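Work through the exercises below with the sequence and the model in view, and try each task before reading its solution.

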Amino acid sequence: MPTVQEYQKQRMLIRKSDPRRADVLGLILDTAKKAAKEENRETTEADFIAAVKKQIKAMEKTVELVQANNVDTSSQVAEIAIMREYLPPMMSEKELDAAIDRILAEVPEEERIKKNQGKFMGRLKVLGDSVDMGMAARILSGKLG
């Protein structure tokens with residue numbers, strides 16, 4: 001995955017050839033820089049990924065509101081698609097299911113209960129940003145007694 005500085009260079013290079021992508025990338029970079037600045041540190045790749053997720057979530061809410069008023073959302077949907085390109089690849093449902101099975105195999109049968117779901121979800125976070133936690137919760141919930 002490119003560094004934040006490489007994304008900044010990319011933004012400058014595509015300003016004229018792909019202004020929409022440059023604007024979206026600028027929004028993401030600004031959000032990441034703001035988060036890092038609040039903590040008095042340099043912007044990291046983790047800040048960048050968090051900014052992408054935050055902006056996708058905000059844009060999805062905007063699309064929801066705009067669609068409720070029967071207004072065209074194709075521009076916002078296109079921007080969400082661009083934002084998603086900057087996320088690391090996500091584990092497939094099959095890969096995630098296998099990872100959950102490995103975690104559950106390490107735990108005695110009697111501890112595989114919904115009450116402990118939070119503990120198992122915490123162990124999945126170790127896998128990083130490639131895990132769709134919503135999908136993980138759904139799969140895990142179906143496996144717990």
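**Exercise 1: The two sides of helix H1**

Exposed residues Lys9 and Leu13 sit on the face of H1 that is turned away from its buried side, where exposed means over 50% relative accessible area, buried under 20% and partly exposed in between, with a 1.4 Å probe and protein chains only. This is a predicted model, in which local features need pLDDT of at least 70 and side-chain atom pairs count only at pLDDT 80 or more, while totals for chains, interfaces and linings use all residues. Residues are numbered from 1 along each chain as its sequence is written, and side-chain values use heavy atoms, with hydrogens and water left out.

Task: find which residues of helix H1 are buried, and what covers them.

Solution. Begin with the extent of the helix: H1 comprises residues 4-14, helices being DSSP runs (H or I) of at least four residues, numbered from the N terminus. The buried residues of this helix are Val4, Tyr7 and Ile14. They are on the same side of H1, because they cover an arc of only 90 degrees around the axis, the arc being that of the directions from the helix axis to the C-beta atoms. Finally, what covers these buried residues includes H2 and H3.

**Exercise 2: A cluster of rings**

Task: determine which residues the ring pairs link into a cluster, and how each pair is arranged.

Solution. A pair of aromatic rings is described by the distance of the centres and the angle of the planes. Rings of Phe, Tyr and Trp (its six-membered ring) pair if their centres lie within 6.5 Å, and planes under 30 degrees apart count as stacked, over 60 as edge-to-face and the rest as tilted. The structure holds three aromatic pairs. One of them joins tyrosine 7 and tyrosine 86 edge-to-face, at 5.3 Å centre to centre and with 80 degrees between the planes. Tyrosine 7 belongs to helix H1 and tyrosine 86 to the loop between helix H4 (74-84) and helix H5 (93-105), so this pair ties together parts that are 79 residues apart in sequence. Phenylalanine 48 and tyrosine 86 also form an edge-to-face pair, with 6.0 Å centre to centre and 80 degrees between the planes. Since phenylalanine 48 lies in helix H3, that pair ties together parts 38 residues apart in sequence. Tyrosine 7 counts as buried at 5% relative accessibility, and phenylalanine 48 and tyrosine 86 are buried too.

Technical notes:
Contact means heavy atoms within 4.5 Å.
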